[in-house]
Amino acid sequence: MLVPLVYLILTLGTIQSAALATEGAARQAARVFVQAPSTAAGAAAAQRALDLALADHGLEASEAALRITCEPRPAQCHTRRGWVTVEVAVRVPLPLVPPVLDLRVPLAVPVEASATQQVSRFWGAR
């Protein structure tokens with residue numbers, strides 16, 4: 001009875017850590033994206049922010065997906081008072097399960113987070 005309880009606590013701790021990591025990564029990636037001088041620089045800065053946030057919680061950045069969407073002009077993210085939404089999705093492997101097992105059930109839990117930031121109304125006035 002004790003072993004399943006310990007495994008449950010370990011699994012919930014791992015999932016909670018991943019949830020904190022993805023939420024922090026999405027928030028920081030959105031912040032650095034809207035402050036970047038261009039969309040390309042913003043995308044690179046958002047990817048770096050994602051990598052650092054996930055590494056802080058022991059997650060692999062290769063397991064994460066980053067998606068950036070912009071409103072009201074999807075083709076021009078850096079528009080004054082535009083909105084940038086960053087979505088982060090991570091698959092968290094279950095603890096103590098070797099990846100060699102070929103089971104028909106998923107051995108990972110998907111965790112997703114998103115954050116939205118507004119581009120400054122003074123953007124481009126530098």
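**The disulfide and what lies around it**

A search of the whole structure finds one disulfide (a pair of cysteine sulfur atoms within 2.5 Å). This is a predicted model, in which local features need pLDDT of at least 70 and side-chain atom pairs count only at pLDDT 80 or more, while totals for chains, interfaces and linings use all residues. Residues are numbered from 1 along each chain as its sequence is written, and side-chain values use heavy atoms, with hydrogens and water left out.

The disulfide is formed by Cys-70 and Cys-77, with 1.8 Å between their sulfur atoms. A disulfide is a covalent bond between the sulfur atoms of two cysteines. The disulfide is right-handed because the torsion about the S-S bond of Cys-70 and Cys-77 is about 85°. Cys-70 has a relative accessible area of 6% and is therefore buried; Cys-77, at 8%, also counts as buried. Here buried means under 20% relative accessible area, exposed means over 50%, and partly exposed is in between, with a 1.4 Å probe and protein chains only.

The peptide bond that joins Glu-71 and Pro-72 is cis, with omega about 5°, and Pro-72 is in the loop between strand 1 and strand 2. Arg-81 is in the loop between strand 1 and strand 2; its phi is near 60°, a positive value in a residue other than glycine. Most residues other than glycine have a negative phi, and most peptide bonds are trans. Arg-81 has 47% relative accessibility, so it counts as partly exposed.

Next come the elements of the chain. The protein chain has two helices and three strands, in the pattern α-α-β-β-β when read along the sequence. Helices (H or I, at least four residues) and strands (E, at least two) are DSSP runs, numbered from the N terminus. Strand 1 pairs with strand 2 in the antiparallel sense over eight bridges, and Ala-65 stands opposite Ala-89 in strand 2. Strand 2 also pairs with strand 3 in the antiparallel sense, over eleven bridges; Trp-83 has Gln-118 in strand 3 as its bridge partner. Two strands are said to pair if DSSP finds at least two bridges between them.

Helix 1 covers residues 2-35, which is 34 residues; at 1.5 Å a residue the helix should span 50 Å, and its end C-alpha atoms are 50 Å apart, so the two values agree. The expected span is 1.5 Å times one less than the number of residues. The buried residues of helix 1 are Thr-11, Ala-18, Ala-21, Thr-22, Gly-24, Ala-25, Ala-26, Ala-29, Ala-30, Phe-33 and Val-34. Their cover includes helix 2 (39-56), strand 1 (64-71), strand 2 (83-93) and strand 3 (108-118).

Thr-22, in helix 1, has 0% relative accessibility and so counts as buried. Leaving aside residues up to four places away in sequence, Thr-22 touches Val-88, Val-90, Val-111, Glu-112 and Ala-113, where contact means heavy atoms within 4.5 Å. A polar atom of the Thr-22 side chain lies 3.1 Å from the backbone oxygen of Ala-19. A polar contact is a pair of N or O atoms within 3.5 Å; within protein, one must be able to donate a hydrogen and the other to accept it, and residues adjacent in sequence count only if both atoms are side-chain atoms.

Ala-46, in helix 2, also counts as buried, because its relative accessibility is 0%. With residues up to four places away in sequence not counted, Ala-46 touches Ala-29, Val-32, Leu-66 and Ile-68. Ala-46 and Ala-25 are 21 residues apart in sequence, and 8.5 Å separates their C-alpha atoms.

Arg-31, in helix 1, is partly exposed because its relative accessible area is 37%. Arg-31 and Gln-117 are 86 residues apart in sequence and 6.5 Å apart in space, C-alpha to C-alpha.

Some totals put these parts in context. Of the 126 residues in the protein chain, 30% are buried. Among contacts between residues at least 6 apart in sequence, 61% join residues at least 24 apart. The protein chain has an accessible surface of about 8200 Å², and 60% of that belongs to carbon and sulfur atoms; accessible areas come from the Shrake-Rupley method with a 1.4 Å probe, and for residues only the protein chains shown count as cover.
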